[in-house]
Amino acid sequence: MNVNKLKGKIVEHEMNIEELADKIGVDKSTLYRKLNRKGETLSIKEANSIVNVLNLSKEESVAIFFNGNVAPYANEELECC
């Protein structure tokens, strides 16, 4: 997880971590702790809530939450059957 990019998006939305924590329904100390661990303990539900609150695009979400650890073809459309 790219915590610095996430913090930048929080600032862009004129929020702070405490306000984001409140909007996603997490105690501020819990969110601080999760971010200090580079998001390793962030749940999918919490990440999804952050995406919704900050209105992140697909590209922004991938850049923040996957931090280059996604397979190189993850952004390509898959062909089926």
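Which residue caps the N-terminal end of α2? Asparagine 16 does, with a side-chain oxygen 3.0 Å from the backbone nitrogen of glutamate 18. A polar contact here is a pair of N or O atoms within 3.5 Å; within protein, one must be able to donate a hydrogen and the other to accept it, and residues adjacent in sequence count only if both atoms are side-chain atoms.

Some housekeeping. This is a predicted model: local features need pLDDT of at least 70, side-chain atom pairs count only at pLDDT 80 or more, and totals for chains, interfaces and linings use all residues. Residues are numbered from 1 along each chain as its sequence is written, and side-chain values use heavy atoms, with hydrogens and water left out. Helices are DSSP runs (H or I, at least four residues), numbered from the N terminus.

Staying with α2, residues 17-24, the buried residues are Ile17, Leu20, Ala21 and Ile24. Buried means under 20% relative accessible area and exposed over 50%, with a 1.4 Å probe and protein chains only. Seen down the helix axis, the buried residues of α2 fall within an arc of 100 degrees, so they line one face; the arc is taken over directions from the axis to the C-beta atoms. In general, an α-helix has 3.6 residues a turn, so residues three or four places apart point the same way. The face of α2 turned away from the buried side carries the exposed residues Asp22 and Lys23. Cover for the buried residues includes α1 (3-12), α3 (28-36) and α4 (44-54), where contact means heavy atoms within 4.5 Å. Just after α2, glycine 25 has a positive phi of about 80 degrees.

Next, lysine 34, which lies in α3. Is this lysine buried or exposed? Lysine 34 counts as buried, because its relative accessibility is 13%. A polar atom of its side chain lies 3.0 Å from the backbone oxygen of threonine 41. Leaving out residues up to four places away in sequence, lysine 34 touches Gly39, Glu40, Thr41, Leu42, Ser43 and Glu46.

Last, the loops. Most residues other than glycine have a negative phi. Glutamate 14, in the loop between α1 and α2, has a positive phi of about 55 degrees and is exposed at 73% relative accessible area. Asparagine 55, in the loop between α4 and α5, has a positive phi of about 50 degrees and is exposed at 64% relative accessibility.

Conventions: Helix = DSSP H or I, 4+ residues; strand = E, 2+ residues; numbered from the N terminus.
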